[in-house]
Structures are given as C-alpha cells and as structure tokens.
Amino acid sequence: MDTEAIATAHAARLTGADPLLPSSDPFARPPEPVTVFRADANGSGAEGHAWRSAVDERSSDSLWRPLVEHRLTVRLSGPAPGEALAEILTRWDEHLSGLASPGDWETAAVVPRPSRDPAGSAELLRHGFAPTRVLAVRPADRLTAAGPPAEPGVRIRAAETADLDTATRLFTELQRYDSQFGLVTLRANAEELLRAELTEQLNRTEPTVWLAELYGRPLGSLLLEYPPETDWVARYVNAERVGYLASLQISEAAQSSGVGTALTAHAHQLFDEMGVDAVLLHHALASPQSTPFWYGHGYRPLWTYWYRRPAVR
C-alpha cells in the first residue's frame with residue numbers, strides 16, 4: 001500500500017474507533033529530521049515516522065520526562081495491522097541501536113496509540129514497551145448555576161504570590177510521588193525549577209493556580225490551562241474549545257477528605273463557565289491513585305503512550 005492509501009485507511013480507522021479522536025492525524029507533521037519506515041503484511045500496511053526529541057536538564061520540561069525521547073508515530077491499515085506494526089518496530093529497533101546507548105536511563109522509546117484501538121498492543125509488549133502514560137478526556141457536562149456541592153471543611157481560593165512556598169511544596173510532593181511510575185524524573189534541581197515556573201504562574205492576571213484549604217491548612221493544589229493557551233494539546237481531540245488540567249496534588253494528610261473532589265469540581269466549573277467542550281489531562285496509568293480517581297470523575301483514556309525506558313536495553 002502507498003502512503004496516501006495507508007493515511008486514508010488510518011484516518012477511517014481512528015474515526016471508527018473513537019468519535020472524540022480528531023478527524024486529521026495529530027501526528028501527521030512531526031518535527032524534522034524524520035526517518036520513515038513502511039511495511040506490508042498479509043494485505044495490511046503500516047507507516048512509521050521516527051524522530052528524536054530532547055530537552056535540557058535545566059528546563060522545567062526535564063522534570064516530567066527523560067532528557068531524550070525517541071518517538072515513533074504509526075499509521076495502520078488493513079485486516080492484520082499488528083503484523084505490519086511488528087515489522088515497523090523491528091526496523092525501528094535496528095535504527096535505535098545506532099542512536100542510543102544501551103541502559104541509558106535518560107532515554108526512552110515512545111509510541112502513542114489511540115486508547116480505543118488495541119491493534120498492535122501484543123507486538124508492543126513483545127518489544128519491551130509498557131502502557132505508561134495516558135492523555136484522558138472528559139467531554140463537557142455543564143454544571144447548574146449553583147455550582148459544585150461544598151465539601152465540609154474545604155475552602156478553595158486562587159493562589160497568590162505570598163503562597164509561593166506552599167505551592168512549591170505541594171508541586172514538589174506531586175513530582176516526588178509521580179517519579180515512582182517510570183516517567184517523571186526526580187532531579188536535584190526540581191524544587192528550583194518548580195519555584196521558577198510557579199512564580200510566573202502566580203504573577204498572571206487570570207488565576208491558573210488554585211489552593212484547597214482543609215480547616216485552614218493548605219493541603220491541595222490545582223494548575224489549569226485555558227484556551228487559546230491549550231492549542232498545543234487541543235489537536236489531539238475532536239473538540240472546538242479545550243481546557244487542560246495540568247496537575248492536581250493532595251497532601252497525604254488530606255487523602256480521602258474530599259479535597260481532591262472539591263478541586264476537580266472547581267476546575268470543571270471554571271471550564272464550563274468558559275464554554276470549554278472537553279477537558280484533557282495526562283496521568284500515569286500505573287498510579288493507584290490517579291487512574292481510579294480521574295475515571296471516577298468522568299474522564300476516560302483517549303491516547304495511550306507506550307514507553308520503553310531506557311530506549312535500548
């Protein structure tokens with residue numbers, strides 16, 4: 001199958017798998033340089049685009065990923081897409097052996113896949129990948145004018161510049177917790193990087209950081225992104241206006257107290273008031289807290305990111 005035929009069949013496959021997937025491939029134009037792999041197997045075709053993404057260890061991006069990611073986006077078509085993907089993965093592995101050092105923890109191989117299209121999952125497992133990160137979606141569900149119900153003892157307020165130390169503590173707790181699941185990296189300069197990022201957020205005109213106090217103690221934090229700042233992530237969902245819930249952290253002392261539910265309801269109310277059609281967030285699939293919490297609040301997987309870290313073993 002040629003490139004155009006594979007792309008057309010792949011687009012139809014996505015539309016049939018999930019109505020919230022975008023009509024056009026969000027990975028259609030990865031950055032240069034790109035290495036292209038093609039495969040045909042039993043009447044099925046596949047095309048993979050491979051490229052390298054790197055961040056500086058002094059940047060805030062380095063807190064949430066390895067320094068170097070080798071990424072592969074694939075288009076699948078035909079009755080046996082898994083077989084075609086297996087061929088692509090084998091050729092990509094050969095390609096990576098000349099680019100990454102075996103055992104380097106600061107590298108990862110990443111393959112994003114539509115969550116409702118399981119084709120190729122077994123092949124990814126055989127090549128050492130694991131479903132690690134999810135981009136989850138919650139379609140708009142407009143709240144009544146009365147807003148979300150109140151939680152006893154919980155007060156939510158916009159964070160101010162005087163809250164910098166508190167916000168930094170809460171965000172550092174989140175970074176430390178998420179580092180257990182193989183993607184977030186606990187770096188020596190984490191607190192410094194988070195403080196710099198939060199300083200910028202707290203000086204914005206429109207509040208993006210919110211705190212939850214439980215009987216006067218600040219034990220929860222929330223970071224939001226509003227359109228049009230969310231254009232970078234909006235292309236992954238079939239929706240006009242998209243909100244992004246960047247992070248939610250609840251201190252251990254406030255677990256199961258209603259703080260998380262109150263902050264989430266507050267975020268949804270803000271997005272509803274802005275006319276947002278869908279809210280997106282990333283979470284670690286292996287987290288015993290994040291996964292059940294988010295899916296209990298109306299989210300579901302949209303894109304699943306399969307990781308192998310290190311990239312070459």
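Contact here means heavy atoms within 4.5 Å. The structure is a predicted model, in which local features need pLDDT of at least 70 and side-chain atom pairs count only at pLDDT 80 or more, while totals for chains, interfaces and linings use all residues. Residues are numbered from 1 along each chain as its sequence is written, and side-chain values use heavy atoms, with hydrogens and water left out.

A starting point is the interior. A nonpolar core is a set of buried Ala, Val, Leu, Ile, Met, Phe, Trp, Tyr and Cys residues joined through side-chain atoms within 4.5 Å. Buried stands for under 20% relative accessible area, exposed for over 50%, and partly exposed for values in between (1.4 Å probe, protein chains only). The largest such core has 24 residues, and L222, L224 and L245 have the most contacts inside it. At least two residues each come from β5 (130-139), β7 (209-214), β8 (217-225), β9 (242-250), α7 (259-273) and β10 (278-284); helices (H or I, at least four residues) and strands (E, at least two) are DSSP runs, numbered from the N terminus. Helix α7 gives the most, with six residues. Leaving aside residues up to four places away in sequence, L222 touches T208, V209, W210, L245, S247, L248, L263 and A267. A second core of 23 residues is separate, and A50, L89, L96 and A119 are among its members.

Helix α7 also holds T264. This threonine counts as buried because its relative accessibility is 1%. Beyond residues up to four places away in sequence, T264 touches L248, F293, W294 and H297.

T291 lies in helix α8 (residues 290-295). Its relative accessibility is 15%, so T291 also counts as buried. With residues up to four places away in sequence not counted, T291 touches H283, A284 and L285. Between T291 and L186 there are 105 residues in sequence and 21 Å in space, C-alpha to C-alpha.

Helix α5 (residues 190-202) has 13 residues. From its first C-alpha to its last α5 reaches 18 Å, close to the 18 Å expected at 1.5 Å a residue, where the expected span is 1.5 Å times one less than the number of residues. Its buried residues are A190, L193, L194, L198, Q201 and L202. Seen down the axis of α5, these fall within an arc of 160 degrees, so they line one face of the helix; the arc is that of the directions from the helix axis to the C-beta atoms. An α-helix has 3.6 residues a turn, so residues three or four places apart point the same way. The cover over the buried residues of α5 includes α4 (164-178), β7 and β8.
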